[in-house]
Amino acid sequence: MKPRIAIDMDDVLADTVGKFIAIFRRDFDTTALPTVFRDNSFHELLEKDVYKRLADYVHEPGFFADIPVMPGAIEVTQALSEKYDLFVTSAAMEFRNSLSEKYDWLDQHFPHIHWKNRVFCGDKSILRADFMIDDMPYNLVSFQGKGLLFDAPHNRDNTIFQRVLSWDEVAKELL
């Protein structure tokens, strides 16, 4: 039996921050520099009411359907699948529309990860694997294996978990 890796979707496989940047630039400020939002989280940069309006987009149908793929994610997960059993683990229950949209997104971009290896849940503390790659530190706290914190603007203050800055760094750590 191969070792298992649990891999989060949003801001790990999918560039959700990039999607929010595109929406912000389209609907709020066409002159905003994308790099500003890569260095700081939205809640630090935006006024509370603008942040809430932006965050509400996740409830709209189609939000999760066309999120860009993180650079290197497809190639590295293909290589990892030779050595590990990969499970995509997403807290998809939080947003009603996300379940089917994420399923279809995975079919489109990650067909090498079988549908049986997709875990859509609400609480990731039930997961059991050897490794977990996630952008949310609270998902790694109760995880029994080795947690890798995928770098994102909203987790930059966390120093508890080993941080990986990109899929290239994931490859260096696990391949």
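Reply: Arginine 4 stands opposite aspartate 85 in β2. This is a predicted model in which local features need pLDDT of at least 70, side-chain atom pairs count only at pLDDT 80 or more, and totals for chains, interfaces and linings use all residues. Residues are numbered from 1 along each chain as its sequence is written, and side-chain values use heavy atoms, with hydrogens and water left out.

Me: How many bridges join β1 to β2?
Reply: Two strands pair if DSSP finds at least two bridges between them. Helices (H or I, at least four residues) and strands (E, at least two) are DSSP runs, numbered from the N terminus. Here, β1 (residues 4–7) and β2 (residues 85–90) run parallel and share four bridges.

Me: What is the strand order of the open sheet?
Reply: The six strands follow β3-β2-β1-β4-β5-β6, with parallel pairing. At the edges are β3 (118–120) and β6, each pairing on one side only.

Me: Which residue is the bridge partner of phenylalanine 131 in β5?
Reply: That partner is lysine 146. β4 (residues 131–134) pairs with β5 over four bridges, in the parallel sense. β5 also pairs with β6 (residues 162–164), over three bridges.

Me: Why is β5 largely enclosed by the rest of the structure?
Reply: Buried means under 20% relative accessible area, exposed over 50%, partly exposed in between (1.4 Å probe, protein chains only). In β5 (residues 146–150), four of the five residues are buried, so the strand is largely enclosed by the rest of the structure.
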